[in-house]
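This briefing is intended for a reader who has the sequence and the coordinates at hand.

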Amino acid sequence: MNKLQDLIDTLCPDGVEYEKLENLCNILDSKRKPIAKDKRKKGKYRYYGANGIQDYIDNYIFDGTFILMGEDGSVINKDKSPVLHWVTGKIWVNNHAHILEENKNMNLKFMYYYLQTVDVSGIVRGTPPKINQQNLKNIKIPLPPIEIQSEIVRILDNFTELTAELTARKKQYEYYRDKLLTFKEKTK
């Protein structure tokens, strides 16, 4: 964390500005297309909706790295943060998820991590719940220098890997504990 603090002290000693999300990434919502379930042809490409993968289909409309944010339906988590998915590769997205793509102004992974901390309860409207595009565009995102964004992403990626490793080790431990402590009862 010393490297990060040094970067902050050097590059933004007076703090950072916040900018509207619409100025920091490309919003590709106009390119998404829903496909009715009975019209989908099975395939290898992920078909996303608001709450993640809905199906696998035979074609894709996006190829790259994106943040998907639930637009309607499943849009808010219990901690009031938005429902988000980090996706890479060839995908299809229906009209229930916003699609955010990196541009030159921001590290997309930094935005992804930051959005996980945003309370969107004040901008979710209606039944079913919805985050409309105007409210999405107006979410304020901090804009530290790219070097700071990259260092934060590096740190959080490392923590994510460690967390996954700890979870796997815990499951492994529980499996072997249960296996080692299970005995057959003697019959008399």
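Which residues does S81 touch, not counting residues up to four places away in sequence? In this predicted model, S81 touches V75, I76, L115, Q116, V118 and V120 when residues up to four places away are set aside. The points below begin with the surroundings of S81 and then turn to the protein as a whole.

**S81 and its loop**

- S81 is placed in the loop between β5 (62–70) and β6 (84–93).
- The relative accessible area of S81 is 5%, so this residue is buried, the cut-off being under 20%.
- A polar contact of 2.6 Å links the side chain of S81 to the side chain of D79.
- K80 also lies in the loop between β5 and β6.
- K80 has a phi near 75°, a positive value in a residue other than glycine.
- Most residues other than glycine have a negative phi.
- With a relative accessibility of 42%, K80 counts as partly exposed, whereas S81 is buried.

**Overall fold and dimensions**

- Four helices and eight strands make up the secondary structure of the protein.
- In sequence order, these elements follow the pattern α-β-β-β-β-β-β-β-α-α-β-α.
- The radius of gyration of the protein is 21 Å, while a compact globule of 188 residues would have a value near 16 Å.
- The C-alpha trace spans about 75 × 55 × 30 Å along its principal axes.
- Among contacts with a separation of 6 or more, 73% are between residues 24 or more positions apart.

**Surface and charge**

- Of the 188 residues in the protein, 35% are buried.
- The protein exposes about 12,100 Å², and carbon and sulfur atoms supply 51% of this area.
- There are 30 positive and 25 negative charges, and their mean positions are 10 Å apart.

**Helix α2 and its cover**

- Helix α2 comprises residues 108–115, and seven of its eight residues are buried.
- The buried residues of α2 are L108, K109, F110, M111, Y112, Y113 and L115.
- L115 is also one of the residues that S81 touches.
- The cover over the buried residues of α2 includes the strands β2 (25–27), β5, β6, β7 (97–102) and β8 (140–142), together with helix α4 (146–180).
- An α-helix has 3.6 residues a turn, so residues three or four places apart point the same way.
- At the start of α2, a side-chain oxygen of N107 comes within 2.9 Å of the backbone nitrogen of K109.

- P128 is found in the loop between α2 and α3 (133–137).
- The peptide bond from T127 to P128 is cis, with omega near 0°.
- Most peptide bonds are trans.

- D29 is located in the loop between β2 and β3 (42–49).
- Is D29 buried or exposed? D29 counts as buried, because its relative accessibility of 6% falls under the 20% cut-off.
- The side chain of D29 makes a polar contact of 2.5 Å with the side chain of H98.
- A polar atom of the D29 side chain also lies 2.9 Å from the backbone nitrogen of I99.
- Not counting residues up to four places away in sequence, D29 touches A97, H98, I99 and Q133.

**Positions along α4**

- L156 belongs to helix α4 and is partly exposed, with a relative accessible area of 31%.
- L156 and E102 are separated by 54 residues in sequence and by 18 Å in space, C-alpha to C-alpha.
- K179 is also placed in helix α4.
- The relative accessible area of K179 is 54%, so K179 is exposed, the cut-off being over 50%.
- K179 and L115 are 64 residues apart in sequence, and the distance between their C-alpha atoms is 41 Å.

Methods
Residues are numbered from 1 along each chain as its sequence is written. This is a predicted model: local features need pLDDT of at least 70, side-chain atom pairs count only at pLDDT 80 or more; totals for chains, interfaces and linings use all residues. Side-chain values use heavy atoms; hydrogens and water are left out. Helices (H or I, at least four residues) and strands (E, at least two) are DSSP runs, numbered from the N terminus. The radius of gyration is taken over C-alpha atoms; the globule rule is 2.2 Å times the number of residues to the power 0.38. Buried means under 20% relative accessible area, exposed over 50%, partly exposed in between (1.4 Å probe, protein chains only). Contact means heavy atoms within 4.5 Å. Accessible areas come from the Shrake-Rupley method with a 1.4 Å probe; for residues, only the protein chains shown count as cover. Lys and Arg count as positive and Asp and Glu as negative; His and the chain ends are not counted. The place of a charge is taken as NZ of Lys, CZ of Arg, CG of Asp or CD of Glu. A polar contact is a pair of N or O atoms within 3.5 Å; within protein, one must be able to donate a hydrogen and the other to accept it, and residues adjacent in sequence count only if both atoms are side-chain atoms.
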